[in-house]
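Please read them with the structure open.

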Amino acid sequence: MMDVSFKEIKLLEKNKKARDTQGLFITEGIKLFCEAPKEQIVMVCTTKAFAAEHPDIISRIPENAGRLLDISEERFAGLSDTQSPQGILTVLKKMKFDQESVLAKENPLFLILENLQDPGNAGTILRTAEAAGADAVFLTEGSVDFYNPKTIRSTMGSIYRVPHFYVADMTSLLSLMMVRDVLSYAAYLGAEAPYTAGDYRKGTVFFIGNESRGLSENLANQADRLIRIPMAGRVESLNAAMAAGILMYEAARQRRDGG
């Protein structure tokens, strides 16, 4: 059993370095506790009132996890990262996924996020990736931390199930994908081909760029195809999560309908 102090919990919420060093992260709320893999749970903290009102939830805490079930409402509010805390907070070990087995999948659907910075975008993309049947999400180093509490909330539990990886050497990753016949498509404002012109029924990876700057020329130049999402009116670009969702669901549609 491992206990985590109040000070450590606050650090894990606020500090990426602390999360990286300890290999831990924080979730809040009933849904994220109930969906968490039991083997990942390190400690559960609740208010006294929550523990009294939800004995069914308390009974689901793994025996080997630490418990702190009598925190006052005021003290819990000091720990919480939300405006209206539900009264339950979970400390978990970071998720670990096997990149080799993910890359070995037949006709996979991947996303590569380059220098994404918004926690809400990152979490929404991971959630949408699960809904659309994507196999993994890759992020360049320097992108937002997937274990940021705001990102975690936006994933609505997908953080536990969708493989995600930070990549130091993108060129090497793309080489591995290429030998496995995974075609890369860059969402690029200057592209001539609309996204509907691509064939995403076989191995596919989409590149999504930074919210304000889009894809770098370097990464765009490494794509097999450049594609764009047509936009009417005076709109210059779409939200990164929206663009990723459109592309993933087009891939899902083609795979479901046969083209």
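1. Contact here means heavy atoms within 4.5 Å. The model is a predicted one.

2. Asn 121 sits in helix 8, which spans residues 119–132. Its relative accessibility is 7%, so Asn 121 counts as buried, the cut-off for buried being under 20%. Which residues is Asn 121 in contact with, leaving aside its neighbours within four places in sequence? They are Leu 116, Glu 211, Asn 239, Ala 240 and Ala 241.

3. Helix 10 runs from residue 170 to 179, and its buried residues are Met 170, Leu 173, Leu 174 and Met 177. Because these residues cover an arc of only 95° around the axis, they fall on the same side of helix 10. On the face turned away from that buried side, helix 10 carries the exposed residues Met 178 and Val 179.

4. What covers the buried residues of helix 10? The cover includes four strands: strand 5 (109–113), strand 6 (136–140), strand 7 (164–167) and strand 10 (204–208). It also includes two helices, namely helix 7 (99–103) and helix 11 (217–220).

5. The ends of helix 10 can be described as well. After helix 10 comes Asp 181, which has a positive phi, near 60°.

6. The largest pocket has a volume of about 430 Å³. Its lining is made up of 21 residues, and those nearest the centre are Ala 187, Leu 189, Gly 214, Ser 237 and Leu 238. Two or more lining residues come from each of strand 11 (225–228) and helix 12 (240–257). Sorted by class, 11 residues of this lining are nonpolar, seven are polar and three are charged.

7. The second largest pocket holds about 200 Å³ of space. Its lining consists of Glu 28, Gly 29, Ile 30, Lys 31, Leu 32, Thr 82, Ser 84, Pro 85, Gln 86, Arg 153 and Met 156. Which element gives the largest share of this lining? Helix 3 (residues 30–34) does, with three residues. By class, the lining of the second largest pocket has four nonpolar, four polar and three charged residues.

Conventions:
Residues numbered from 1 in each chain as written. Predicted model: local features only at pLDDT ≥ 70, side-chain atom pairs only at ≥ 80, totals over all residues. Heavy atoms only, no water. Buried < 20%, exposed > 50% of the residue type's maximum accessible area, 1.4 Å probe, protein only. Arc of directions from axis to C-beta. 1 Å grid on protein atoms, 1.4 Å probe; cavity = no way out; pocket = protein on both sides within 12 Å on 5 of 7 lines; lining within 4 Å. Points joined across faces, edges and corners; volume = space filled by probe spheres on them. Nonpolar A, V, L, I, M, F, W, Y, C, P; charged D, E, K, R; others polar.
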